[in-house]
Amino acid sequence: MSGFWISFKMKISLSWLNDYLKTALSAPVLAEKMTDLGLECTYETTKLSFTNVILGNIVSCEPHPDSDHLSICEVDTGDNENSNIVCGAPNVKAGIKVPVAKVGATLDNGSLKIKKAKLRGISSQGMICSGKELELSDDHNGILIIESNEPLGTPIEDVLDIKQDTIFELDLTPNRGDCF
């Protein structure tokens, strides 16, 4: 009978690692050093999947005259002019802060560029985003509602404190119980 190894995968982020061990080593060097210690290590650097998404406030929200599920929202994004955005989310309402992808913003790693559009005859100058559209969560049941005191127009990655990080994946085998 031949033997086999069972391995376990463990993921750690560089930011978490820096909470316990301050290091200035680059991700490739750290991965190489962990592999040299007998911990097979790979890594991936995370990045934002969107550009130019900012904090906005829904000033007013009215039902779309030609739809039973769309709303016409007047959105303040901190510049001098409010934008009309047509939104289909069930939880959209006046008085909430939301992530707004204005015309020119990109989502889905650049594959979706936000353009001025007409939805059932009403002009829409952007998109109010859900957590899933920003790839921050799997929730696509409605838009992301944000509690924040940040000024309108602040980049959403600053409002939500989203940082680029490196994730290391360690392949741990049973003969390395000291690593568990």
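Predicted model: local features only at pLDDT ≥ 70, side-chain atom pairs only at ≥ 80, totals over all residues.
Close-up 1. W16 is partly exposed, at 43%. Both residues belong to helix α1 (residues 14–20). They sit four residues apart there, so about one helical turn separates them. The structure holds two aromatic pairs. W16 and Y20 make up one of them, with 5.0 Å from centre to centre.

**Close-up 2. The aromatic pair of Y43 and F168.** The two rings lie 6.1 Å apart, centre to centre. An angle of 50° between the planes makes this pair tilted. Y43 comes from strand β2 (residues 40–45), F168 from strand β11 (residues 166–172). The pair therefore ties together parts that are 125 residues apart in sequence. Y43 is partly exposed, with 36% relative accessible area. F168 is buried, at 0% relative accessibility.

**Close-up 3. Cysteines C87 and C73.** Zero disulfides turn up in a search of the whole structure. C87 is in no disulfide. The cysteine sulfur nearest to C87 is that of C73, 5.3 Å away. A disulfide requires the two sulfur atoms to be within 2.5 Å. C87 is buried, at 5% relative accessibility.

**Close-up 4. The buried cysteine C41.** C41 has a relative accessible area of 9%. The cut-off for buried is under 20%, so C41 counts as buried. The search for disulfides across the whole structure found zero.

Terms used
Residues numbered from 1 in each chain as written. Heavy atoms only, no water. Phe/Tyr/Trp six-rings, centres within 6.5 Å; stacked < 30°, edge-to-face > 60°. Helix = DSSP H or I, 4+ residues; strand = E, 2+ residues; numbered from the N terminus. Buried < 20%, exposed > 50% of the residue type's maximum accessible area, 1.4 Å probe, protein only.
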